[in-house]
Amino acid sequence: MTVTTPRGFRAAGVAAGLKTSGAADLALVVNDGPDAGIAGVFTANRVKAAPVLWTQQVVRGGVVRAVVLNSGGANACTGPAGFQDTHATAEHTAAALTSVSPRLMLGAGEVAICSTGLIGERLPMQKLLPGVRSAIRGLGRDGGTAAAEAIMTTDTCPKTTVARGSGWTVGGMAKGAGMLAPAMATMLCVLTTDAVAGPEALDAALRAATRVTFDRIDSDGCMSTNDTVLLLSSGASGVEPTAAELTAAVTAACHDLAQQLIADAEGATKQIAIDVVGAATEADAVEVGRSVARNNLVKTALFGNDPNWGRILAAVGTTAAAFEPDGVDVAVNGIWVCRSGAAAEDRAKVDLSGRDVSIRIDLHAGSSAATIWTNDLSHAYVHENSAYSS
């Protein structure tokens, strides 16, 4: 159930000393397959970390043999020196891998870099580079779990997945528990496949998948500087799936990881699915769902087990979506507490004692729909983000 489940991949996770806790903080994923296709999506934040800027260039080259990921430092807002640190990491990784696996013969431009952690501080290269060498020594087909653990920050558990095609597989790992908002991609994620697929096919599948998965989770409305999702292909299965088959498997893997991210959101006690139906367009449905997901009054009400549909309706009303205010219906956990913009069933019937919450909003304005996933706003979220620098 990891990035090394597809054939042609090895991984490792080690403690390089970047985290003061001494926990694992550096991961390496290597593609040994006959192919080395790559696709990626990245944060839309105008403030981008050095590894994002570097890896965007690498992805445009269409070939990636290795991905280095570190926690314990974002290498964001570190200026030209921070970018040079990223470049040096790629050069060091390429040279070290080539020395132990001459058949790879890779250059720095075939090494993607991802970082996560505190913004504004340079990485301790005297620790990171030896950590890369340690990770290379530890590479193995069973290293996927260790790699997933090494990229955790405030995550309480590693996040991995597998989706299977006919004779080929997609594997993945992700990290993320805070600063989860879309455009693109809300966290660090590496997906691998042993399917035969070139960069264009990978890019189409990844963008289709992220649009309805990672781009639809919205924990706290805060967009990171480091968000990166990469999809690597080894071609080791010898099977070339159709575009639809590849997209379906990549989407399944992304959906699973996205749900794990929301389930582990900082301080969350509720996992909330906001289904918007009857919208004039899909964009309207997404806008309405996101407005509710980001509304602190809605989120705190749900933390307090209060089915306050008035707050939901008020959040819907802040959007530019097409609807008539006296035509909107709202259900919370299956109880239609609002019909035609007014009170309906007794809100006391709504059971919010469990962790899972469903909100259904019918705009009665068309036939389009979308789902946004979010979580509640708790005391623990405030504590986590006041006591931890990120």
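Start with Glu345: its side chain forms a salt bridge with Lys349, closest N and O atoms 3.9 Å apart. Salt bridge here means a side-chain nitrogen of Lys or Arg within 4 Å of a carboxyl oxygen of Asp or Glu. Glu345 is partly exposed at 32% relative accessibility; Lys349 is exposed at 52%. The cut-offs: buried is under 20% relative accessible area, exposed is over 50%, partly exposed is in between, with a 1.4 Å probe and protein chains only.

A word on the source. This is a predicted model, where local features need pLDDT of at least 70 and side-chain atom pairs count only at pLDDT 80 or more, while totals for chains, interfaces and linings use all residues. Residues are numbered from 1 along each chain as its sequence is written, and side-chain values use heavy atoms, leaving out hydrogens and water.

The whole structure has 14 salt bridges. One of them joins Asp32 and Arg103, at 3.9 Å, N to O. Those two sit 71 residues apart, in separate loops. Asp32 is buried at 17%; Arg103 is exposed at 61%.

Next, helix H2, residues 79-100. Helices are DSSP runs of H or I, at least four residues, numbered from the N terminus. Its buried residues include Gly82, Asp85 and Leu97.

Now cysteines. Cys189 is buried at 1%.

Methods: Expected span 1.5 Å × (residues − 1).
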